[in-house]
Amino acid sequence: MEEAVRRSVLAQPALETPDGAEPNLANPPNMNSIANGILIAAVTLASLAILLRIHYWIFVLKRLRDRLEAVLVIIGFGSYVGLVYCLVRISQFEIGWWVHKWDMTVDSTIGFSYWVYIAGLLYTSAIAPVKVAILMEWMRIFPSCPRNTFFWFCSAALWLNVAYYIAAIVVQSMQCIPREMIWDPTVKGTCLSTRGPEAIAAIDVISDIAMLVAPQFVIWRSKVSTRKRAGFTVIFAVGLFGTISAIFRLVTTLAYLRSEDSTYAVSPVCFWALGEVTSVFIVYGLPAVSTVFAEATLGFSRCRTRWIQGSSAGHDSDASNVGPWRERRTALSKRYRNLDRNSLPANALDRTATTRCSSATAKDLRILPESTCVVVKTIEIRRDEVRADEFVGDIDKDIEEDVLIRQHPWVKPDR
């Protein structure tokens, strides 16, 4: 096409104006404000989910060995950031979202269609590794020995997702020859049938439904606490939203492929896809919430304990003999006497004695021979633990709280 003719075509409206409508090429109406609000909410939720997982990897696991899903999720999140950039660029630098094609010139549609095309590729490359990471984590959390139906489902779903998304990326990137014809209507060439995008969207819905339903049989048949069941319910609700988003993406894709007003019809397709991939990131990140909450609670408890000990140190004349493990007397522990490192001398009991021990009063202790073994006191040591895997179900680390040491006197005081 000659350059003069091409410039003339690019300046024309992209679609004939329907009856009763007036074209507005100078300032077409759009819904960019709604699109920007959705983008901000989606990025915030997905970023929080990934930050929770990063905290879990660094501060709880403290290792990334044999954690291929961590690498996959980071790669997927990089593609997710690229997807969001494409959507933001369309609303800020291109014509915008939910703009009718008759309100656009042919030149405007080229930039719009190009970034929609790139966003579609990034959507696929973002959701694929995260789904694979979720399946890998399920196989680690619910180990099957011997291997059962759920194990074989996860294995099959993992490899089917890998094969499907690779094929989807190839089909999306090569749907027209030359490739520029995908976004530039002035380029002549050939394109694949619309059944390719329809099949991709349909298989994606089937994959989401299968991954939503399959783990429920394992989770609800297992003996788990009410708290864990509540956590699984929240994850199920987020996964359900992702499945609903995939279904709406399929419906809007079918409408888009049959519509002449493609720039308006593709807008809901992009944002349902954004909702779907965002929910996948949230599903992966939610199990780390309990770990972060447990460590935050533990850190607050330790800071409070140190503050109480520090404030009471000035009132204790023998503070130098108090170990960091000592619990100071409070109103709730009056029946226990504080135990410091001098309370029980090292030679108080004969370590080699194997004779029977008995309880005695203070008067009895004065008349008993030195070789007699007498129980002077007993020590109660309570170790409180908070499981860091309350949602995850993976035994990676226990979080210790402060050790409480109390003394039970066996020798009754003289009266």
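**Figure 1. Helices H4 and H8 pack with their axes 10 Å apart, at an angle of about 25°.** Axes here are lines fitted to C-alpha atoms, for helices over the stretch in contact, with angles running from 0 to 180 degrees between N-to-C directions. Helices (H or I, at least four residues) and strands (E, at least two) are DSSP runs, numbered from the N terminus. The angle makes H4 roughly parallel to H8, a label for angles under 35 degrees. Their crossing is left-handed, meaning that the near helix is turned anticlockwise from the far one by less than a right angle. From H4, the contact includes Phe112, Tyr123, Ala126 and Glu137, while H8 brings, among others, Cys270, Val277, Phe281 and Tyr284. Contact means heavy atoms within 4.5 Å. Sorted by class, this contact holds 16 nonpolar, two polar and three charged residues. Ala, Val, Leu, Ile, Met, Phe, Trp, Tyr, Cys and Pro count as nonpolar, Asp, Glu, Lys and Arg as charged, and the others, Gly among them, as polar.

A quick note before the next views: this is a predicted model, in which local features need pLDDT of at least 70 and side-chain atom pairs count only at pLDDT 80 or more, while totals for chains, interfaces and linings use all residues. Residues are numbered from 1 along each chain as its sequence is written, and side-chain values use heavy atoms, leaving out hydrogens and water.

**Figure 2. H8 also packs against H2.** H2 (residues 32-61) and H8 (residues 262-285) lie with axes 8 Å apart at an angle of about 20°, and are therefore roughly parallel to each other. This crossing, too, is left-handed. Look for Ala42, Ala46, Arg53 and Trp57 among the H2 residues that meet H8; Leu274, Thr278 and Phe281 are among the H8 residues that meet H2. The residues of this contact divide into 15 nonpolar, two polar and one charged.

Figure 3. Not counting residues up to four places away in sequence, Tyr80 touches Ala42, Val43, Ala46, Ala126, Leu274, Val277, Thr278 and Phe281.

**Figure 4. Thr291 sits in helix H9 (residues 289-313).** Its relative accessibility is 1%, so Thr291 counts as buried. Thr291 and Leu52 are 239 residues apart in sequence, yet their C-alpha atoms are 8.8 Å apart in space.

Figure 5. Most residues other than glycine have a negative phi, and most peptide bonds are trans. Trp98, in the loop between H3 and H4, has a positive phi near 55°. At 14% relative accessibility, Trp98 counts as buried. A cis peptide bond joins Ile177 and Pro178, with omega about -5°. Pro178 is found in the loop between strand S1 (176-177) and strand S2 (190-191).

How values were computed. Parallel < 35°, antiparallel > 145°, perpendicular 65-115°, else oblique. Buried < 20%, exposed > 50% of the residue type's maximum accessible area, 1.4 Å probe, protein only.
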